[in-house]
Amino acid sequence: MEDKLSGSYYTPYETVDFMYEYLLERNKLSQRVLEPSVGDGRFIERISNNVTVNEVVGVELDKKKVEELRNKGYPDKVTIIESDYLEYVNRGAKNYQVILGNPPYISIKNMDKSFLNLGRSICEGFGLPKKLLQNSWVAFVLASIKIIEANGVIFFVLPTEFLQVQYAEILREFLENKFNTIHIITFTERMFPKIEQEACLVYLTNEQEELPYIAYKQYEKLDAIVPIYESRIERNKPLKKWSNAVLSDRDIDIMNNITDRYRSIGEMATSAPGIVTAANNKFILTNEEVEQYECRDYVIPIISKGMMVRNRLVANQELVNQLALDGKKVYMLNLAGIVEDELPESLKRYLDETGEVKRGEIKIKESFKCSRRTPWYAIPVVRSGSVIFFKRYDTCPRISINPDMIHTTDIAYNLQLNDDVEASSLVFCFYNSLSLAQCEFAGRYYAGGVSELTPTEFRSIAVPYRKISAEDVDILGRMFHDERPLDEIIRFVNKKTICQDLLEEEISVIDNIRRKLINRRK
(Lines give C-alpha, C1' and ligand atoms only; values in the text may rest on other atoms or scores of the structure.)
Protein backbone atom coordinates (compact mmCIF):
# COMPACT_ATOMS: atom_id res chain seq x y z
CA MET A 1 0.00 0.00 0.00
CA GLU A 2 1.41 3.36 -1.02
CA ASP A 3 -1.05 6.26 -0.90
CA LYS A 4 -1.38 9.84 0.27
CA LEU A 5 -4.09 9.20 2.85
CA SER A 6 -1.97 6.69 4.77
CA GLY A 7 1.22 8.60 4.05
CA SER A 8 2.85 5.26 3.20
CA TYR A 9 5.68 5.44 0.71
CA TYR A 10 8.01 2.52 1.23
CA THR A 11 11.68 3.35 1.57
CA PRO A 12 13.85 2.16 -1.34
CA TYR A 13 16.10 -0.75 -0.35
CA GLU A 14 19.13 1.33 -1.36
CA THR A 15 18.16 3.95 1.22
CA VAL A 16 17.61 1.31 3.92
CA ASP A 17 21.10 -0.07 3.21
CA PHE A 18 22.60 3.43 3.17
CA MET A 19 21.13 4.29 6.58
CA TYR A 20 22.24 0.96 8.05
CA GLU A 21 25.82 1.40 6.83
CA TYR A 22 25.85 5.04 7.97
CA LEU A 23 25.00 3.96 11.52
CA LEU A 24 27.57 1.15 11.41
CA GLU A 25 30.35 3.52 10.33
CA ARG A 26 29.64 5.69 13.36
CA ASN A 27 29.32 2.75 15.79
CA LYS A 28 25.74 3.76 16.52
CA LEU A 29 23.99 0.42 16.10
CA SER A 30 23.72 -0.74 19.70
CA GLN A 31 21.46 -2.66 22.04
CA ARG A 32 17.89 -1.40 21.53
CA VAL A 33 16.54 -0.22 18.15
CA LEU A 34 13.05 1.07 17.37
CA GLU A 35 11.30 1.44 14.02
CA PRO A 36 8.15 3.54 14.63
CA SER A 37 6.30 2.86 11.37
CA VAL A 38 7.35 -0.55 10.14
CA GLY A 39 5.42 -0.89 6.88
CA ASP A 40 6.67 -4.01 5.15
CA GLY A 41 9.62 -4.46 7.53
CA ARG A 42 12.55 -3.35 5.37
CA PHE A 43 14.47 -1.69 8.18
CA ILE A 44 13.83 -4.52 10.65
CA GLU A 45 14.92 -7.09 8.11
CA ARG A 46 18.24 -5.27 7.65
CA ILE A 47 18.93 -4.65 11.34
CA SER A 48 17.71 -7.85 12.97
CA ASN A 49 20.73 -9.89 11.87
CA ASN A 50 23.24 -7.48 13.43
CA VAL A 51 24.85 -9.22 16.43
CA THR A 52 25.41 -5.98 18.38
CA VAL A 53 21.68 -5.33 18.48
CA ASN A 54 19.96 -7.13 21.35
CA GLU A 55 16.40 -5.90 20.84
CA VAL A 56 14.47 -4.63 17.82
CA VAL A 57 10.97 -3.23 18.27
CA GLY A 58 8.73 -2.33 15.36
CA VAL A 59 5.50 -0.38 15.80
CA GLU A 60 2.82 -0.64 13.13
CA LEU A 61 -0.78 0.58 13.13
CA ASP A 62 -2.14 -1.52 10.26
CA LYS A 63 -3.45 -4.86 11.60
CA LYS A 64 -2.93 -6.74 8.33
CA LYS A 65 0.67 -5.58 8.07
CA VAL A 66 1.28 -6.62 11.67
CA GLU A 67 0.06 -10.15 10.93
CA GLU A 68 2.32 -10.35 7.86
CA LEU A 69 5.32 -9.09 9.81
CA ARG A 70 4.79 -11.55 12.66
CA ASN A 71 4.74 -14.39 10.13
CA LYS A 72 8.08 -13.45 8.59
CA GLY A 73 10.12 -15.55 10.99
CA TYR A 74 12.25 -12.79 12.48
CA PRO A 75 14.73 -13.71 15.27
CA ASP A 76 13.36 -13.80 18.83
CA LYS A 77 14.87 -10.40 19.60
CA VAL A 78 12.35 -8.79 17.21
CA THR A 79 8.99 -7.66 18.60
CA ILE A 80 6.19 -6.28 16.42
CA ILE A 81 3.69 -4.11 18.28
CA GLU A 82 0.29 -3.23 16.83
CA SER A 83 -0.28 0.36 17.86
CA ASP A 84 -0.41 3.96 16.85
CA TYR A 85 3.14 5.23 17.47
CA LEU A 86 2.07 8.25 19.49
CA GLU A 87 -0.10 6.07 21.73
CA TYR A 88 2.80 3.62 22.15
CA VAL A 89 5.08 6.44 23.32
CA ASN A 90 2.36 7.95 25.48
CA ARG A 91 1.82 4.63 27.30
CA GLY A 92 5.33 4.89 28.71
CA ALA A 93 7.61 3.16 26.20
CA LYS A 94 11.16 2.35 27.27
CA ASN A 95 14.10 4.36 25.94
CA TYR A 96 16.07 3.35 22.84
CA GLN A 97 19.59 3.91 21.56
CA VAL A 98 18.47 4.13 17.92
CA ILE A 99 15.15 5.20 16.39
CA LEU A 100 15.11 5.08 12.61
CA GLY A 101 12.75 4.78 9.72
CA ASN A 102 10.48 6.58 7.31
CA PRO A 103 7.54 8.14 9.20
CA PRO A 104 4.30 8.70 7.28
CA TYR A 105 3.69 12.05 5.61
CA ILE A 106 0.04 12.82 6.34
CA SER A 107 -1.15 16.41 6.06
CA ILE A 108 -3.25 17.86 8.86
CA LYS A 109 -6.43 17.73 6.75
CA ASN A 110 -6.13 13.93 6.46
CA MET A 111 -5.07 13.17 10.04
CA ASP A 112 -7.13 10.99 12.33
CA LYS A 113 -8.61 13.18 15.08
CA SER A 114 -7.14 11.15 17.94
CA PHE A 115 -3.69 11.28 16.30
CA LEU A 116 -4.03 15.04 15.83
CA ASN A 117 -5.03 15.62 19.46
CA LEU A 118 -2.24 13.41 20.80
CA GLY A 119 0.29 15.07 18.49
CA ARG A 120 -0.76 18.52 19.68
CA SER A 121 -0.44 17.33 23.26
CA ILE A 122 3.15 16.26 22.58
CA CYS A 123 3.88 19.68 21.04
CA GLU A 124 2.52 21.41 24.12
CA GLY A 125 4.54 19.10 26.35
CA PHE A 126 7.71 20.47 24.76
CA GLY A 127 6.44 24.05 24.98
CA LEU A 128 5.85 24.19 21.22
CA PRO A 129 2.73 25.66 19.57
CA LYS A 130 -0.02 23.28 18.46
CA LYS A 131 0.01 24.85 15.00
CA LEU A 132 3.43 23.25 14.42
CA LEU A 133 1.65 19.95 13.74
CA GLN A 134 0.97 20.45 10.03
CA ASN A 135 2.12 16.96 9.05
CA SER A 136 2.33 13.61 10.84
CA TRP A 137 6.12 13.35 10.56
CA VAL A 138 6.41 16.30 12.97
CA ALA A 139 4.66 14.26 15.67
CA PHE A 140 6.89 11.25 14.95
CA VAL A 141 10.05 13.35 15.40
CA LEU A 142 8.84 14.87 18.67
CA ALA A 143 7.54 11.57 20.07
CA SER A 144 10.91 9.98 19.31
CA ILE A 145 12.72 12.66 21.29
CA LYS A 146 10.68 11.60 24.35
CA ILE A 147 12.13 8.07 24.28
CA ILE A 148 15.61 8.48 22.82
CA GLU A 149 18.55 7.98 25.18
CA ALA A 150 20.89 10.89 25.92
CA ASN A 151 23.48 9.92 23.30
CA GLY A 152 21.10 7.99 21.07
CA VAL A 153 20.37 8.59 17.39
CA ILE A 154 17.19 9.55 15.59
CA PHE A 155 17.65 8.85 11.88
CA PHE A 156 14.64 9.54 9.66
CA VAL A 157 13.65 9.85 6.04
CA LEU A 158 11.91 13.24 5.99
CA PRO A 159 10.44 15.50 3.30
CA THR A 160 13.01 17.99 2.04
CA GLU A 161 10.52 20.77 2.74
CA PHE A 162 11.29 20.26 6.46
CA LEU A 163 14.66 21.93 5.89
CA GLN A 164 13.08 25.24 4.91
CA VAL A 165 9.29 25.56 5.35
CA GLN A 166 8.21 28.40 7.60
CA TYR A 167 5.92 26.38 9.89
CA ALA A 168 8.82 24.04 10.80
CA GLU A 169 11.26 26.86 11.62
CA ILE A 170 10.46 26.61 15.31
CA LEU A 171 11.00 22.84 15.17
CA ARG A 172 14.41 23.25 13.52
CA GLU A 173 15.49 25.69 16.22
CA PHE A 174 14.15 23.32 18.89
CA LEU A 175 16.17 20.44 17.42
CA GLU A 176 19.33 22.56 17.31
CA ASN A 177 18.91 23.12 21.05
CA LYS A 178 18.34 19.40 21.67
CA PHE A 179 21.10 17.90 19.53
CA ASN A 180 24.68 19.07 19.05
CA THR A 181 25.21 16.90 15.96
CA ILE A 182 22.89 17.21 12.98
CA HIS A 183 23.54 15.65 9.58
CA ILE A 184 21.46 16.53 6.52
CA ILE A 185 21.90 14.02 3.73
CA THR A 186 20.57 14.63 0.24
CA PHE A 187 20.77 12.73 -3.04
CA THR A 188 20.83 13.84 -6.65
CA GLU A 189 18.82 10.73 -7.48
CA ARG A 190 15.21 11.08 -6.38
CA MET A 191 14.24 8.78 -3.53
CA PHE A 192 10.58 8.58 -4.55
CA PRO A 193 10.48 9.20 -8.32
CA LYS A 194 6.77 8.34 -8.66
CA ILE A 195 5.58 11.15 -6.40
CA GLU A 196 6.23 14.90 -6.22
CA GLN A 197 7.58 14.73 -2.66
CA GLU A 198 11.34 15.25 -2.42
CA ALA A 199 12.99 13.51 0.54
CA CYS A 200 16.24 13.65 2.48
CA LEU A 201 17.79 11.97 5.51
CA VAL A 202 18.08 13.75 8.85
CA TYR A 203 20.46 12.35 11.49
CA LEU A 204 20.19 13.71 15.05
CA THR A 205 22.42 12.85 17.99
CA ASN A 206 24.60 14.23 20.78
CA GLU A 207 28.31 13.55 20.59
CA GLN A 208 30.46 13.91 23.71
CA GLU A 209 32.82 16.90 23.64
CA GLU A 210 31.58 17.91 20.20
CA LEU A 211 30.93 21.55 19.29
CA PRO A 212 27.37 21.94 17.97
CA TYR A 213 27.26 21.75 14.18
CA ILE A 214 25.11 21.01 11.16
CA ALA A 215 26.71 18.92 8.42
CA TYR A 216 25.33 18.91 4.88
CA LYS A 217 26.20 16.00 2.59
CA GLN A 218 25.10 15.39 -0.96
CA TYR A 219 25.43 12.00 -2.68
CA GLU A 220 24.87 11.23 -6.33
CA LYS A 221 23.04 7.88 -6.09
CA LEU A 222 21.00 6.34 -3.30
CA ASP A 223 23.58 3.57 -2.98
CA ALA A 224 26.62 5.88 -3.16
CA ILE A 225 29.38 5.55 -0.58
CA VAL A 226 31.27 8.82 -0.99
CA PRO A 227 29.52 12.21 -0.99
CA ILE A 228 30.04 14.51 -3.96
CA TYR A 229 29.76 17.56 -1.72
CA GLU A 230 30.09 18.34 2.00
CA SER A 231 29.83 21.45 4.14
CA ARG A 232 29.55 22.25 7.84
CA ILE A 233 27.94 25.05 9.86
CA GLU A 234 29.24 25.84 13.36
CA ARG A 235 29.15 29.62 13.86
CA ASN A 236 25.94 30.56 12.08
CA LYS A 237 23.60 28.75 14.42
CA PRO A 238 20.70 28.59 14.85
CA LEU A 239 20.38 28.31 11.09
CA LYS A 240 16.98 29.61 10.00
CA LYS A 241 16.76 27.28 7.00
CA TRP A 242 18.71 24.03 7.18
CA SER A 243 18.74 23.86 3.38
CA ASN A 244 21.29 26.70 3.59
CA ALA A 245 23.74 24.36 5.33
CA VAL A 246 24.92 23.70 1.77
CA LEU A 247 27.02 26.82 2.38
CA SER A 248 30.00 27.08 4.72
CA ASP A 249 30.31 29.39 7.71
CA ARG A 250 32.76 31.45 5.66
CA ASP A 251 30.23 31.78 2.83
CA ILE A 252 27.50 33.01 5.17
CA ASP A 253 29.84 35.37 7.03
CA ILE A 254 31.01 37.00 3.80
CA MET A 255 27.48 37.33 2.42
CA ASN A 256 26.16 38.82 5.67
CA ASN A 257 29.06 41.26 5.86
CA ILE A 258 28.52 42.49 2.30
CA THR A 259 24.74 42.59 2.66
CA ASP A 260 25.02 44.98 5.60
CA ARG A 261 26.60 47.59 3.31
CA TYR A 262 23.43 48.09 1.28
CA ARG A 263 19.81 49.03 1.86
CA SER A 264 17.18 46.33 1.73
CA ILE A 265 14.11 46.51 -0.47
CA GLY A 266 12.06 47.07 2.67
CA GLU A 267 14.11 50.20 3.36
CA MET A 268 13.57 51.55 -0.15
CA ALA A 269 9.90 50.74 -0.73
CA THR A 270 6.69 49.44 0.69
CA SER A 271 5.37 46.32 -0.97
CA ALA A 272 2.18 44.28 -0.95
CA PRO A 273 0.70 41.36 -2.92
CA GLY A 274 -1.50 42.10 -5.90
CA ILE A 275 -5.21 41.47 -6.36
CA VAL A 276 -6.88 38.29 -5.10
CA THR A 277 -9.73 37.48 -7.50
CA ALA A 278 -10.63 34.06 -6.00
CA ALA A 279 -11.19 32.70 -9.53
CA ASN A 280 -8.70 34.05 -12.07
CA ASN A 281 -9.98 31.98 -14.98
CA LYS A 282 -13.50 33.38 -14.50
CA PHE A 283 -12.88 36.98 -13.44
CA ILE A 284 -10.02 37.64 -15.89
CA LEU A 285 -11.10 37.69 -19.53
CA THR A 286 -9.63 37.61 -23.00
CA ASN A 287 -10.26 40.49 -25.41
CA GLU A 288 -12.77 38.30 -27.26
CA GLU A 289 -14.67 37.64 -24.01
CA VAL A 290 -14.71 41.36 -23.20
CA GLU A 291 -16.41 41.97 -26.55
CA GLN A 292 -18.77 39.05 -26.06
CA TYR A 293 -19.97 40.29 -22.65
CA GLU A 294 -19.93 43.95 -23.69
CA CYS A 295 -17.89 44.92 -20.63
CA ARG A 296 -15.08 47.12 -21.98
CA ASP A 297 -16.04 49.83 -19.47
CA TYR A 298 -15.93 47.37 -16.57
CA VAL A 299 -12.46 45.85 -16.90
CA ILE A 300 -8.92 46.86 -16.00
CA PRO A 301 -5.69 45.46 -17.48
CA ILE A 302 -3.94 42.91 -15.28
CA ILE A 303 -0.96 40.54 -15.36
CA SER A 304 -1.81 37.18 -13.83
CA LYS A 305 1.23 35.06 -14.71
CA GLY A 306 4.96 35.62 -14.44
CA MET A 307 5.44 34.07 -17.86
CA MET A 308 3.58 37.04 -19.35
CA VAL A 309 6.61 39.26 -18.70
CA ARG A 310 9.20 36.68 -19.71
CA ASN A 311 12.17 38.36 -21.38
CA ARG A 312 10.68 41.77 -20.63
CA LEU A 313 12.23 44.33 -18.29
CA VAL A 314 9.20 46.61 -18.66
CA ALA A 315 5.56 45.67 -18.06
CA ASN A 316 3.39 48.31 -19.73
CA GLN A 317 0.20 48.85 -21.71
CA GLU A 318 2.00 47.93 -24.91
CA LEU A 319 2.74 44.48 -23.40
CA VAL A 320 -0.89 44.08 -22.32
CA ASN A 321 -2.09 44.98 -25.83
CA GLN A 322 0.20 42.38 -27.37
CA LEU A 323 -0.92 39.72 -24.88
CA ALA A 324 -4.54 40.58 -25.69
CA LEU A 325 -3.85 40.12 -29.40
CA ASP A 326 -2.34 36.72 -28.55
CA GLY A 327 -5.60 35.69 -26.87
CA LYS A 328 -4.33 35.87 -23.29
CA LYS A 329 -6.55 36.69 -20.31
CA VAL A 330 -5.48 40.22 -19.37
CA TYR A 331 -8.71 42.06 -18.51
CA MET A 332 -10.10 41.75 -14.97
CA LEU A 333 -13.74 42.50 -14.19
CA ASN A 334 -13.79 45.57 -11.94
CA LEU A 335 -17.34 45.70 -10.64
CA ALA A 336 -16.98 47.00 -7.08
CA GLY A 337 -19.43 49.87 -6.53
CA ILE A 338 -21.30 49.22 -9.79
CA VAL A 339 -25.08 48.92 -9.58
CA GLU A 340 -26.12 45.58 -11.05
CA ASP A 341 -28.93 47.12 -13.11
CA GLU A 342 -26.35 49.15 -15.02
CA LEU A 343 -24.53 46.04 -16.25
CA PRO A 344 -25.07 44.76 -19.82
CA GLU A 345 -27.43 41.79 -20.02
CA SER A 346 -24.73 39.58 -21.54
CA LEU A 347 -22.43 40.30 -18.58
CA LYS A 348 -25.23 39.63 -16.08
CA ARG A 349 -25.85 36.23 -17.67
CA TYR A 350 -22.13 35.45 -17.55
CA LEU A 351 -21.96 36.35 -13.84
CA ASP A 352 -25.07 34.27 -13.08
CA GLU A 353 -23.57 31.26 -14.85
CA THR A 354 -20.14 31.77 -13.24
CA GLY A 355 -21.59 31.99 -9.74
CA GLU A 356 -23.20 28.56 -10.13
CA VAL A 357 -19.99 26.85 -11.31
CA LYS A 358 -18.79 24.35 -8.71
CA ARG A 359 -15.20 23.82 -7.67
CA GLY A 360 -15.27 20.60 -5.76
CA GLU A 361 -18.62 20.72 -4.00
CA ILE A 362 -18.78 24.51 -3.56
CA LYS A 363 -20.24 27.07 -5.95
CA ILE A 364 -17.88 29.93 -6.82
CA LYS A 365 -20.25 32.54 -5.37
CA GLU A 366 -20.35 30.57 -2.09
CA SER A 367 -16.60 30.08 -1.83
CA PHE A 368 -14.76 31.53 1.16
CA LYS A 369 -13.59 34.77 -0.46
CA CYS A 370 -16.52 35.41 -2.81
CA SER A 371 -19.13 34.83 -0.11
CA ARG A 372 -17.61 37.64 1.94
CA ARG A 373 -18.01 40.20 -0.85
CA THR A 374 -21.06 42.33 -1.61
CA PRO A 375 -21.90 41.48 -4.28
CA TRP A 376 -19.92 38.25 -4.51
CA TYR A 377 -18.21 39.29 -7.76
CA ALA A 378 -16.98 42.69 -6.47
CA ILE A 379 -13.22 42.15 -6.35
CA PRO A 380 -11.28 44.47 -3.99
CA VAL A 381 -8.70 46.33 -6.07
CA VAL A 382 -5.42 47.05 -4.28
CA ARG A 383 -2.77 49.57 -5.32
CA SER A 384 -0.46 48.74 -8.17
CA GLY A 385 3.21 49.67 -8.01
CA SER A 386 5.84 51.26 -10.21
CA VAL A 387 7.87 48.05 -9.77
CA ILE A 388 6.49 44.51 -9.65
CA PHE A 389 8.25 41.40 -8.38
CA PHE A 390 6.96 37.91 -9.18
CA LYS A 391 7.24 35.87 -6.00
CA ARG A 392 7.77 32.48 -7.70
CA TYR A 393 10.48 31.81 -10.23
CA ASP A 394 12.50 29.07 -11.85
CA THR A 395 15.91 30.06 -13.20
CA CYS A 396 15.96 33.68 -12.11
CA PRO A 397 13.66 36.05 -10.18
CA ARG A 398 11.53 38.37 -12.32
CA ILE A 399 11.30 42.04 -11.39
CA SER A 400 9.88 44.58 -13.80
CA ILE A 401 9.44 48.32 -14.26
CA ASN A 402 5.72 49.16 -14.36
CA PRO A 403 5.42 52.71 -15.78
CA ASP A 404 1.72 52.40 -16.61
CA MET A 405 0.87 51.02 -13.14
CA ILE A 406 -0.62 47.81 -14.56
CA HIS A 407 -2.27 45.71 -11.87
CA THR A 408 -1.18 42.17 -11.03
CA THR A 409 -2.82 39.30 -9.22
CA ASP A 410 -1.23 38.08 -5.99
CA ILE A 411 1.45 36.23 -7.97
CA ALA A 412 3.46 39.46 -7.64
CA TYR A 413 4.40 42.05 -5.04
CA ASN A 414 3.69 45.66 -5.99
CA LEU A 415 6.24 48.22 -4.83
CA GLN A 416 5.60 51.87 -3.94
CA LEU A 417 9.06 53.41 -3.95
CA ASN A 418 10.57 56.01 -1.65
CA ASP A 419 11.06 59.44 -3.23
CA ASP A 420 14.80 58.93 -3.59
CA VAL A 421 14.44 55.60 -5.45
CA GLU A 422 13.93 55.40 -9.20
CA ALA A 423 12.02 52.41 -10.59
CA SER A 424 14.25 51.71 -13.59
CA SER A 425 17.42 52.00 -11.48
CA LEU A 426 16.10 49.67 -8.78
CA VAL A 427 15.08 47.03 -11.30
CA PHE A 428 18.44 47.29 -13.07
CA CYS A 429 20.45 47.06 -9.84
CA PHE A 430 18.47 44.06 -8.63
CA TYR A 431 20.07 41.73 -11.19
CA ASN A 432 23.47 41.57 -9.49
CA SER A 433 25.17 38.53 -7.95
CA LEU A 434 24.53 39.55 -4.34
CA SER A 435 20.79 40.24 -4.57
CA LEU A 436 20.19 37.09 -6.63
CA ALA A 437 22.22 35.01 -4.14
CA GLN A 438 20.15 36.47 -1.32
CA CYS A 439 16.93 35.48 -3.09
CA GLU A 440 18.17 31.89 -3.09
CA PHE A 441 19.30 32.10 0.55
CA ALA A 442 16.14 33.76 1.91
CA GLY A 443 13.54 31.88 -0.16
CA ARG A 444 12.27 28.35 -0.20
CA TYR A 445 11.93 25.90 -3.08
CA TYR A 446 9.50 23.20 -4.09
CA ALA A 447 9.55 19.92 -6.01
CA GLY A 448 10.73 20.68 -9.52
CA GLY A 449 13.07 23.43 -8.33
CA VAL A 450 10.64 26.38 -8.34
CA SER A 451 11.62 28.96 -5.73
CA GLU A 452 9.43 31.42 -3.81
CA LEU A 453 9.93 34.45 -1.58
CA THR A 454 7.38 35.43 1.08
CA PRO A 455 6.70 39.16 1.55
CA THR A 456 9.03 39.33 4.56
CA GLU A 457 11.78 37.43 2.76
CA PHE A 458 11.48 39.66 -0.29
CA ARG A 459 11.71 42.84 1.78
CA SER A 460 14.94 41.54 3.37
CA ILE A 461 16.82 41.42 0.03
CA ALA A 462 19.63 43.98 -0.14
CA VAL A 463 20.19 45.84 -3.42
CA PRO A 464 23.34 47.86 -4.29
CA TYR A 465 21.14 50.71 -5.48
CA ARG A 466 22.44 53.71 -7.42
CA LYS A 467 21.14 55.84 -10.28
CA ILE A 468 21.55 54.08 -13.61
CA SER A 469 21.53 55.82 -16.97
CA ALA A 470 18.61 55.31 -19.34
CA GLU A 471 21.07 53.96 -21.89
CA ASP A 472 22.25 51.16 -19.56
CA VAL A 473 18.64 50.30 -18.64
CA ASP A 474 17.84 50.01 -22.35
CA ILE A 475 20.85 47.76 -22.89
CA LEU A 476 19.67 45.46 -20.08
CA GLY A 477 16.18 45.41 -21.57
CA ARG A 478 17.57 44.32 -24.93
CA MET A 479 19.67 41.61 -23.27
CA PHE A 480 16.53 40.13 -21.70
CA HIS A 481 14.61 40.48 -24.98
CA ASP A 482 17.40 38.74 -26.90
CA GLU A 483 17.55 35.97 -24.25
CA ARG A 484 21.19 36.54 -23.46
CA PRO A 485 22.67 34.04 -20.95
CA LEU A 486 21.91 34.89 -17.33
CA ASP A 487 25.60 34.96 -16.37
CA GLU A 488 26.21 37.57 -19.08
CA ILE A 489 23.36 39.71 -17.75
CA ILE A 490 24.68 39.44 -14.19
CA ARG A 491 28.22 40.39 -15.26
CA PHE A 492 26.86 43.50 -16.99
CA VAL A 493 24.87 44.57 -13.92
CA ASN A 494 27.75 43.71 -11.56
CA LYS A 495 30.03 46.00 -13.57
CA LYS A 496 27.67 48.93 -12.97
CA THR A 497 26.98 48.10 -9.30
CA ILE A 498 28.94 45.85 -6.94
CA CYS A 499 32.15 45.91 -8.97
CA GLN A 500 32.45 49.54 -7.91
CA ASP A 501 32.28 48.61 -4.21
CA LEU A 502 33.67 45.11 -3.73
CA LEU A 503 36.90 43.24 -4.29
CA GLU A 504 37.04 40.77 -7.15
CA GLU A 505 37.52 37.95 -4.63
CA GLU A 506 34.36 38.97 -2.75
CA ILE A 507 32.29 39.00 -5.93
CA SER A 508 33.67 35.59 -6.86
CA VAL A 509 32.61 34.17 -3.47
CA ILE A 510 29.12 35.68 -3.79
CA ASP A 511 28.69 34.28 -7.29
CA ASN A 512 29.81 30.84 -6.11
CA ILE A 513 27.28 31.05 -3.28
CA ARG A 514 24.55 31.86 -5.80
CA ARG A 515 25.48 28.86 -7.91
CA LYS A 516 25.64 26.50 -4.92
CA LEU A 517 22.18 27.54 -3.81
CA ILE A 518 20.69 27.21 -7.30
CA ASN A 519 22.23 23.75 -7.74
CA ARG A 520 20.77 22.73 -4.37
CA ARG A 521 17.20 23.31 -5.56
CA LYS A 522 17.78 21.96 -9.06
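1. Salt bridges. In this predicted model, the count of salt bridges comes to 33. Side chains of opposite charge can pair when their charged atoms come close.

2. Arg-46 and Glu-21. These two residues form a salt bridge, with 3.3 Å between the closest N and O atoms. Arg-46 belongs to helix 2 (residues 42–47) and Glu-21 to helix 1 (residues 13–25), so the pair ties together parts that are 25 residues apart in sequence. Arg-46 is partly exposed, at 28% relative accessibility. Glu-21 is also partly exposed, with a relative accessible area of 34%.

3. Glu-149 and Arg-32. Here the closest N and O atoms of the salt bridge are 2.8 Å apart. Because Glu-149 sits in strand 5 (residues 148–159) and Arg-32 in strand 1 (residues 32–35), this pair ties together parts that are 117 residues apart in sequence. Glu-149 counts as partly exposed, at 27% relative accessibility.

4. Arg-484 and Glu-488 meet through their side chains in a salt bridge, 3.1 Å from N to O. Arg-484 has a relative accessible area of 38% and is partly exposed; Glu-488, at 25%, is partly exposed as well. A network of salt bridges links Asp-487, Asp-511, Arg-514 and Arg-515.

5. The largest nonpolar core. In soluble globular proteins, nonpolar side chains tend to be buried together. The largest nonpolar core in this model has 106 residues, and those that touch the most other members are Tyr-85, Leu-142, Phe-155, Phe-162, Leu-175 and Trp-242. Helix 6 (residues 136–146) gives the most to this core, contributing eight residues.

6. Leu-175 and helix 7. Which residues does Leu-175 contact, leaving aside its neighbours within four places in sequence? They are Val-141, Ile-145, Phe-162, Ile-182, Leu-204 and Trp-242. Leu-175 is one of the buried residues of helix 7 (residues 169–178), along with Leu-171, Arg-172, Phe-174 and Glu-176. The buried residues of helix 7 pack against helix 6, strand 6 (181–187), strand 7 (199–205) and strand 8 (213–219).

7. Cis peptide bonds. Most residues other than glycine have a negative phi, and most peptide bonds are trans. The bond joining Lys-237 and Pro-238 is cis, with omega about 0°. Pro-238 is in the loop between strand 9 (229–233) and helix 8 (249–259). A cis peptide bond also runs from Thr-374 to Pro-375, where omega is near -10°. The loop that holds Pro-375 lies between strand 15 (362–363) and strand 16 (387–390).

8. Positive phi. Asn-311 has a phi near 65°, a positive value in a residue other than glycine. Asn-311 is found in the loop between strand 12 (299–303) and helix 12 (317–325). Glu-483 is not a glycine either, and its phi is positive at about 55°. Glu-483 lies in the loop between helix 17 (470–481) and helix 18 (486–496).

9. The largest pocket. Rolling a probe the size of a water molecule over the atoms shows where empty space is left. The largest pocket holds about 970 Å³ of space. Its lining is made up of 35 residues, and Glu-196, Gln-197, Glu-198, Ala-199 and Ala-447 lie nearest the centre. Strand 6, strand 7, strand 8 and helix 19 (504–521) are the elements that give two or more residues to the lining of the largest pocket. Helix 19 gives the most, with three residues. By residue class, the lining divides into 13 nonpolar, 13 polar and nine charged.

10. The chain as a whole. How many helices and strands does the protein chain have? The secondary structure comes to 19 helices and 22 strands. Along the principal axes, the C-alpha atoms fill a box of roughly 80 × 60 × 35 Å. The protein chain has 522 residues, and 55% of them count as buried. Among contacts with a separation of 6 or more, 72% are between residues 24 or more positions apart.

Notes: Residues are numbered from 1 along each chain as its sequence is written. This is a predicted model: local features need pLDDT of at least 70, side-chain atom pairs count only at pLDDT 80 or more; totals for chains, interfaces and linings use all residues. Side-chain values use heavy atoms; hydrogens and water are left out. A nonpolar core is a set of buried Ala, Val, Leu, Ile, Met, Phe, Trp, Tyr and Cys residues joined through side-chain atoms within 4.5 Å. Buried means under 20% relative accessible area, exposed over 50%, partly exposed in between (1.4 Å probe, protein chains only). Helices (H or I, at least four residues) and strands (E, at least two) are DSSP runs, numbered from the N terminus. Contact means heavy atoms within 4.5 Å. A salt bridge is a side-chain nitrogen of Lys or Arg within 4 Å of a carboxyl oxygen of Asp or Glu. On a 1 Å grid over the protein atoms alone, a cavity is a set of points where a 1.4 Å probe fits but cannot get out, and a pocket is an open set with protein on both sides within 12 Å along at least five of seven lines; lining residues have an atom within 4 Å of a point. Grid points are joined across faces, edges and corners, and a volume is the space filled by probe spheres set on the points. Ala, Val, Leu, Ile, Met, Phe, Trp, Tyr, Cys and Pro count as nonpolar, Asp, Glu, Lys and Arg as charged, and the others, Gly among them, as polar.
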